[in-house]
Amino acid sequence: EEGIVLLQNRDGFLPLADKKLNVFGDDASAPDVFSRTLVPSLSAKGIDINKELASFYAEASSDSPAKPANILSRISTWFFPGKTENTWRAVSSSLMRQAKEYSSQALIVLSAEAANGKDCSLSQLQPMKGSSERAKLIDDVCKEFAHVILVIRSANPMELGFIADFN
């Protein structure tokens with residue numbers, strides 16, 4: 001039903017000793033195929049999630065009628081599969097500062113837009129090339145936090161060579 005692969009656990013960081021975690025990325029609030037999101041799942045396992053950061057992403061990625069631009073962006077990716085969805089937003093300096101005060105641990109969630117049976121472009125499988133906002137956020141989080149976890153949500157292989165740049 002589900003699967004996860006741990007590619008690297010540098011310095012024995014996992015499992016988390018400190019149960020406080022900052023979760024970054026618009027993809028963290030996107031539901032999976034079972035209509036679950038990551039943040040409530042982590043909370044259910046005893047991880048304390050930075051509520052201010054989680055609220056920022058939950059509100060920003062909402063598909064409610066109040067967010068027509070977000071809905072139009074997602075619909076356009078259905079009709080133009082080569083277009084990368086550009087929903088990644090920069091975190092304000094005050095929110096980044098609050099997150100650093102909350103915990104030295106960060107988790108970034110990246111997803112490929114395409115799923116099994118859906119066409120996707122090469123850029124959708126290359127996280128650092130598909131969106132400059134995504135690349136900036138990854139770079140900013142890796143500079144600001146001592147411990148960073150990268151979660152990939154994808155039914156397709158993704159190009160992850162950029163990870164070596166952050167080791």
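Me: Two strands pair if DSSP finds at least two bridges between them. Which residue of E4 is the bridge partner of alanine 106?

Reply: Valine 148 is the partner in E4. Strands (E, at least two residues) and helices (H or I, at least four) are DSSP runs, numbered from the N terminus. This is a predicted model: local features need pLDDT of at least 70, side-chain atom pairs count only at pLDDT 80 or more, and totals for chains, interfaces and linings use all residues. Residues count from 1 along each chain as its sequence is written, and side-chain values use heavy atoms, without hydrogens and water.

Me: How many bridges join E3 and E4?

Reply: Seven, linking E3 (residues 105-111) to E4 in the parallel sense. The whole sheet is open, with four parallel strands ordered E2-E1-E3-E4. E2 (48-49) and E4 (147-153) are the edges; each has a single partner strand, so one side of each lacks a neighbour in the sheet.

Me: Which residues of H6 are buried?

Reply: Buried means under 20% relative accessible area, exposed over 50%, partly exposed in between (1.4 Å probe, protein chains only). In H6, Arg134, Ala135, Leu137, Ile138 and Val141 are buried. They span an arc (directions from the helix axis to the C-beta atoms) of only 165°, so they sit on the same side of H6. Exposed Ser132 and Lys143 are on the face turned away from that buried side.

Me: Why does glutamine 98 count as buried?

Reply: Because its relative accessibility is 18%. Glutamine 98 lies in H4 (residues 93-102). Leaving aside residues up to four places away in sequence, glutamine 98 touches Asn50 and Glu52 (contact: heavy atoms within 4.5 Å).
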